[in-house]
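Dear colleague,

Please find below the structure that I am handing over to you. My notes on what was found in it follow directly after.

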Amino acid sequence: MIERHLTKLRARDFVSPDHENAIRESIRDYRDIPADRTVIRANVRLDHCTLLVDGVLCRYKDVRSGERQITELHLPGDFVDLHSFTLKRLDQPVMSLTPCRVASIPHDKLRLLTERHPHLARLYWFATNLDAAIHREWEVSLGRRTARAKLSALFCELLMRLQVVGLADESGYDLPLTQADLGDCTGLTAVHVNRTLKELRGDQLITFQNNRVTIHDLAGLRRAGEFDATYLYLERQHC
C-alpha cells in the first residue's frame, strides 16, 4: 500500500530493506475518503502524520470573499503534514479533491523511527524542505507569472512529480481535477483557465480533456512555463 511512498524516497536516496520494514511497521489506519472532504482541520492538535496512498489532496486557505486559494497539491506517495510532527497542528486545512486513500503514522511511532534510523530522519527532513521549495515556486507563479505561464508550469511540475511514482510518462498523465480546481491553484477564474487551456491546445502544447493531460510538446510547455525542475531536487544523493 505504501509502494509509491517508498519509490519517492528511493528516487532521492538509498533506502535499505531495514528502513522499508521500519516504515511499514510504523504505518497505521488505512482509510478511504470521498472527494471534497476536509481531511485535516486547521489549528486542531494532531498526534499523527497523514500519508497519501492514492488520489489528490490539497492544502488551502479560504478568504473572506468566499474564494479559495490552494497552496499545494499532494500526490500519491506524499506525506501531507510531516511538519505537524514538530508543529503539532496545521495552520491550513487539508481537503480531498478526489476520492483518496490515506494512512497515518502516529507521532510517537515517527519519533521512534527517526531516533532508531537517523538516515530516515534526514530523508524526512529532506521531504519537508522539498515541500517548502515547492511552496516557493508556487509563490513566484502566483505573484509574477502570466496565466499561460502559471498553468504551463503547474502541468510541468505535476508531470515530474507523477513520473517519480510511476503515474506519468512524457505523453501525459491522469489529472481528475476541475478547471475551478486549477483556478484555485493559480489564482485564476475558471473562465480565465478555460481560455488559457484553449490557447495551450491551439498552440499544440497540451490538451486537458476527460481528466487527462496529454502533452504534445514538452519542450514548448517548459518554455511557456519558464519551468526549471531544479527546485524538485530529482537527483539521487546521500542525505
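Predicted model: local features only at pLDDT ≥ 70, side-chain atom pairs only at ≥ 80, totals over all residues.

**Salt bridges**

Glu137 and Arg145 form a salt bridge in which the closest N and O atoms are 2.8 Å apart; the term denotes a side-chain nitrogen of Lys or Arg within 4 Å of a carboxyl oxygen of Asp or Glu. Both Glu137 and Arg145 are buried, where buried means under 20% relative accessible area, exposed means over 50%, and partly exposed lies in between (1.4 Å probe, protein chains only).

Residues are numbered from 1 along each chain as its sequence is written, and side-chain values use heavy atoms, with hydrogens and water left out.

Side chains of opposite charge can pair when their charged atoms come close. The structure holds 16 salt bridges. One of them joins the side chains of Glu199 and Arg148, at 2.8 Å from N to O. Glu199 belongs to helix α8 (residues 190–202) and Arg148 to helix α6 (residues 147–164), so this pair ties together parts that are 51 residues apart in sequence. Helices (H or I, at least four residues) and strands (E, at least two) are DSSP runs, numbered from the N terminus. Glu199 is partly exposed, with a relative accessible area of 37%, and Arg148 is likewise partly exposed, at 25%.

Arg59 and Glu72 also meet through their side chains in a salt bridge, at 3.5 Å from N to O. Since Arg59 lies in strand β4 (residues 57–62) and Glu72 in strand β5 (residues 68–74), the pair ties together parts that are 13 residues apart in sequence. Arg59 is buried, with a relative accessible area of 7%, and Glu72 is buried as well, at 1%.

Ile70 lies in strand β5 and, at 0% relative accessibility, counts as buried. Which residues does Ile70 touch, not counting residues up to four places away in sequence? They are Cys58, Arg59, Tyr60, Leu97, Trp138, Asp181, Asp184 and Cys185, a contact being heavy atoms within 4.5 Å. Ile70 and Cys185 are 115 residues apart in sequence, yet their C-alpha atoms are 4.8 Å apart in space.

Ser152 is found in helix α6 and also counts as buried, at 0% relative accessibility. Leaving aside residues up to four places away in sequence, Ser152 touches Leu200, Leu221, Ala224 and Gly225. Ser152 and Leu221 are separated by 69 residues in sequence and by 5.8 Å in space, C-alpha to C-alpha.

**Backbone points to note**

Asp36, a residue other than glycine, has a positive phi, near 60 degrees. Asp36 is placed in the loop between β1 (28–33) and β2 (38–40) and is exposed, with a relative accessible area of 55%.

Glu226 is also a residue other than glycine with a positive phi, in this case near 50 degrees. Glu226 is in the segment after α9 (218–225) and counts as exposed, at 57% relative accessibility.

**The chain as a whole**

There are nine helices and eleven strands in the chain. The radius of gyration of the chain is 18 Å, close to the 18 Å that the globule rule gives for 239 residues, so the chain is as compact as a globular protein of that length. This radius is taken over C-alpha atoms, and the rule is 2.2 Å times the number of residues to the power 0.38. Along its principal axes, the C-alpha trace spans about 55 × 40 × 30 Å.

Of the 239 residues in the chain, 53% are buried. Among contacts between residues at least 6 apart in sequence, 75% join residues at least 24 apart.

The chain exposes about 11800 Å², of which carbon and sulfur atoms supply 48%; accessible areas come from the Shrake-Rupley method with a 1.4 Å probe, and for residues only the protein chains shown count as cover.

The chain has 34 positive and 33 negative side chains, and the centres of the two sets lie 3 Å apart. Lys and Arg count as positive and Asp and Glu as negative, while His and the chain ends are not counted. The place of a charge is taken as NZ of Lys, CZ of Arg, CG of Asp or CD of Glu.

Yours sincerely
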